[in-house]
Amino acid sequence: MQPYDIEMGAGTFHPATTLRTLGTKPWRTAYVQPCRRPTDGRYGDNPNRVQSYYQFQVIVKPSPDDIQELMLESFKAIGIDPAIHDIRFVEDNWEGPTLGASGLGWEVWCDGQEVLQFTYFQQLGGADCAPVPVELTYGLERCACVVQGVESLFDLDWNGAEGDRKITYRDIFHQNEREFSAFNFDYADVEKLEGEFKAAEKQCQSLLEKGCVLPAYDQALKASHLFNLLDARGVISVLERASYIGRVRDLARGCCEQYLQQQENTAHSSVSKSASVGA
Amino acid sequence: MSDFFFEIRSGEIPAQMQKPATLDLKRLLEQKFKDLQLSHGDISCYAGPRRLVAVVRELATEQTVRHEERRGPRTDATKQAIEGFLKSTGCNLDDLEIRETPKGTFYFLTETFPAVATKTILPDVIREVIETLHWPKKMTWSTTTKTWVRPIQGGCALFGEEPLEFTVSMNEDGNPDPILVQFNNITVGHRFMAPSPFAVKSFEDYVQKLHKAFVIVDQEERQKVLKEQLNDLCAQHNLTILDDKGLLDEVTGLVEWPVCLLGDIDASFMSLPPELLRTTMRVHQRYFSVHKKGGAFAPHFIVAANIVAPDDGKTIVIGNERVLKARLSDAAFFYEQDRKKPLAEHGKKLDKTVFHASLGTLAQKQNRLVEIIDLIEKEDEAARQDAKEAARLCKADLMSEMVFEFPELQGIIGFYYAKADGLKETIAQAIYDQYSPKGPSDALPSQKVSRLLALADRLDTLVGFFSVGLKPTGSKDPFALRRAALGTIRFLEEGYDWALDDVLSCVFDLYDGTKKTVQALPKAEVLKELELFFMERLKVYRRDQGYAHDYIEAVLSRGLSEPLSVMKTRLDALVSFVETHEEEAVNLFAGYKRATNILRKEKVTDLKEPLETLFEKEEEKALYKTLFATRKEIQGFLSQGDFTKAMAILAPLRSPIDAFFEHVQVNDERQDIRQNRLNLLGYIQKSLEQVADFSKIEG
């Protein structure tokens, strides 16, 4: 599939994961998703932490028995050889409070670097997952660093050319990191963000009332990102933080619940249709 | 008899859950074989990242014929009840036996279970293990409804040399398409170095073959190998490893085949606080920190890899060094962000940060600490001023990015920032030490200013939580109040001569206007609860120090009105008295108890001074005279705090007391003589109680 065109903190928020993994229907997909995490900005000074980066997301429901082996095969395919590197599955309890989601699995480490998140979803939108989807989230820059053996993601070779035509990750993204870090931490207009948050929240609720789940979910995503920006600006106190998270969760959960409801209704009507055809 | 062995393979088990799982598995198997009436030898359980293993030695091969007796309904029960019983057991009335019991006449049924070959039961044992073993967090996967810590991939089971082949369903009975786990005699080795399956013939064969396949099954052996490698690597590079049992245990659970490698910390980060380096490496990367031979933090780390790489681990080391660089660069980023303003400036946010929802803000806590320090240090003006200065800043680092990122660095970060702000070394050190001692074996902070702040903080915390009813219950102690009390006790007995009760009362008053009144309890009740709590902690602490419980009780009677340091001296004097005057002590205590018992039996309440004129026998006169003389002397020594001497005077009292009980009849017919003798008993009691409550001493 293609990336979703709204700012989000992780590929998990793509409707192909959050919404499509709800319910009992089998589902398998993979896509690249650009991610934004305003608080992770380091003005381009950190070798592997940035406020904007790319994930490759794989979702398989129900989880196959050999998924760990499949994942390791994919490492070999992109040039991470488990015979030379130290690959480890380290405990990870994932919680996505704004999605009412949780899962168990691992951080997959390559030589001490977390390069992939491996999660068996247990709950999504507040409901238990049955069957269980498994999510593999590859940190693309970090995987590339291992493959190319570079110190910093900014040193990643982008096009394989030499001389004048050589382009690195730095050439493409460093200015982006510097300026967006400044925006996220220092210059984003707090009043405007707060207003937009409220507007997105209101629009999401009203769309849900009208049964427009997918557009409502877009608004929930926007609210989530606006909250992340406010958080990066350091204007949210501990108490307010919990309340903001609760508000975003309510929106996301509302979308999940209604999406699931719609799925069930369609399933019922198709069952009754086929039943009447049979009769 | 044969050995029964099985392995349950799964996705990587979280390191910290492995050890508890082995203990629970052992307990479960012991119980199960007891219920099945199957005799067995030792049970050993092992855990590693990908497998949980048990071996039951010398398990009986057959469950012999068993008889179980069941009591049925009464003979005069309704027809339905009797028929119901017959139906549920599948018997006829003829099979039942009628027997009289003290509770009435009942039908009895003796059920006979035929001999069963153990091997036919074992699959069910494993099924039960999978269903009931405790994991702190369990999960479903694919379409399973039953759970395990991570998805189960397969199993291996043998009884003697015979493979046990069966499947375990991870769904409820009746599911048409269940997820099945296959058990047989096949296992697999190391995930990367020996992934091909192979068959095993016995537990010994399994352990040996896995060793050849780069898996050390026994976690203790794995840890031993890990330790040896750590030590060897350190020896080669002239380093010493920093002891860290917790990390060692965790890493043991992260690798099947440990391979320790030495990496370098980039020189540009060596100016960061060593505690920060160590915490970053430990918490985020599970690296071991090392010191140079002289003691300084060395610019290296040790990582335990899980693989023997063809390039001797060069790629792995480079990768790990790179990650650490990024981690430390992040730490340095927070450090620089924080250092843009002084510590005091960070502290300004404390008045918007709650200490606890019912107990006001951290800023208010700091203010109270300043006042508590005034209460507990009256003499040393310099120390008091420094401690108060430290108290005004002590929680400020909680507002820093650094402590938000690494909560375990609270205090430590405050110390570095305070020093960077140019504050006095003693003040910075007190901020560093405020949370010490953390455990019972930690040393107390060495400087006085630190102790004042650390003690004040504990007193404030204890009084606060108790005053809103949040005291520890059972195994629950979310605010670590037991630890706070233990720390308080240790501080107090090492050099403070004031009684705790007054101070607790003053601290309670300091909370006025801060507490949420809804939860607040009345002062008298809070102080009583605190006294009971301290007494309980004190007993536990003394027992841990090796004192006998009855001696501990004997010096507790004055409660918190006696300074703890004095109470300790009294206890030591009591112990040494019994050691040096063993025979006298035993008799003396017996005499004291005899006197106390008589007084209790006679329900005597208003004791007076005995009158010499009413004494008739020599023995009572002599006793009174000796007591009268020694009592004064004891008081003299007590007022000087010399309990050893006070007790030494007690020793000679033994013979006049013995003589009195031997020759004098207390219950005289004449009321005034009798009363006077009772008064004399009271006199014995009081004289001795000045030193300790001997009635508590056993034996």
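This is a predicted model: local features need pLDDT of at least 70, side-chain atom pairs count only at pLDDT 80 or more; totals for chains, interfaces and linings use all residues.

Which are the buried residues of α16(B)?

Tutor: The buried residues of α16(B) are Leu481(B), Ala484(B), Ala485(B), Leu486(B), Gly487(B), Thr488(B), Ile489(B), Phe491(B) and Leu492(B). The helix itself runs over residues 481–493 of chain B, 13 residues in total. From first C-alpha to last, α16(B) reaches 18 Å, close to the 18 Å expected at 1.5 Å a residue. As background, residues three or four places apart on an α-helix point the same way, because there are 3.6 residues a turn.

What sits over those buried positions? After α16(B) comes Gly495(B), which has a positive phi, near 125°.

Now zoom out a bit. Domain 4 of chain B is made of 353–408 + 420–546, while domain 5 covers 569–696. Between the C-alpha centres of these two domains there are 42 Å. The rest of the division of chain B is domain 1 (2–62 + 117–212), domain 2 (70–113) and domain 3 (220–339).

Leu423(B) counts as buried because it has 22 C-beta neighbours inside 10 Å, where the cut-off is 20 or more. Leaving out residues up to four places away in sequence, Leu423(B) touches Ala418(B) and Ala428(B). For a sense of distance, take Arg191(B): it is 232 residues from Leu423(B) in sequence, and their C-alpha atoms are 54 Å apart in space.

For chain B as a whole, the secondary structure comes to 25 helices and 18 strands. Its radius of gyration is 35 Å, well over the 27 Å that the globule rule gives for 699 residues, so chain B is more spread out than a compact globule. Along the principal axes, the C-alpha atoms of chain B fill a box of roughly 100 × 90 × 55 Å. Of the 699 residues in chain B, 37% are buried. Taking contacts in chain B between residues at least 6 apart in sequence, 70% join residues at least 24 apart.

Then there's the partner. The contact between the chains takes 33 residues from chain A and 33 residues from chain B. On the chain A side, β3 (87–96), β4 (101–110) and β5 (113–124) each supply at least two residues. β3(A) gives the largest share of that side, four residues. Sorted by class, the side of chain A that touches chain B has 14 nonpolar, ten polar and nine charged residues.

Finally, how far does the predictor back this up? Chain B has a mean pLDDT of 91, with 99% of its residues at 70 or more. For chain A the mean pLDDT is 92, and 96% of its residues reach 70 or more. One stretch to treat separately is residues 273–279 of chain A, where the pLDDT is below 50 and there are zero contacts in the model beyond near neighbours in sequence. For the complex, the predictor gives an ipTM of 0.91 and a pTM of 0.78.

Definitions and conventions. Residues are numbered from 1 along each chain as its sequence is written. Chains are lettered from A and ligands numbered from 1 in the order in which they are written. Two residues are in contact if their C-beta atoms, placed from the backbone, lie within 7 Å. Ala, Val, Leu, Ile, Met, Phe, Trp, Tyr, Cys and Pro count as nonpolar, Asp, Glu, Lys and Arg as charged, and the others, Gly among them, as polar. pLDDT is the predictor's confidence in each residue, from 0 to 100. The radius of gyration is taken over C-alpha atoms; the globule rule is 2.2 Å times the number of residues to the power 0.38. A residue is buried if 20 or more other C-beta atoms lie within 10 Å of its own, exposed if 12 or fewer, and partly exposed in between; C-beta atoms are placed from the backbone. Domain bounds come from an automatic or database domain assignment. The expected span of a helix is 1.5 Å times one less than its number of residues.
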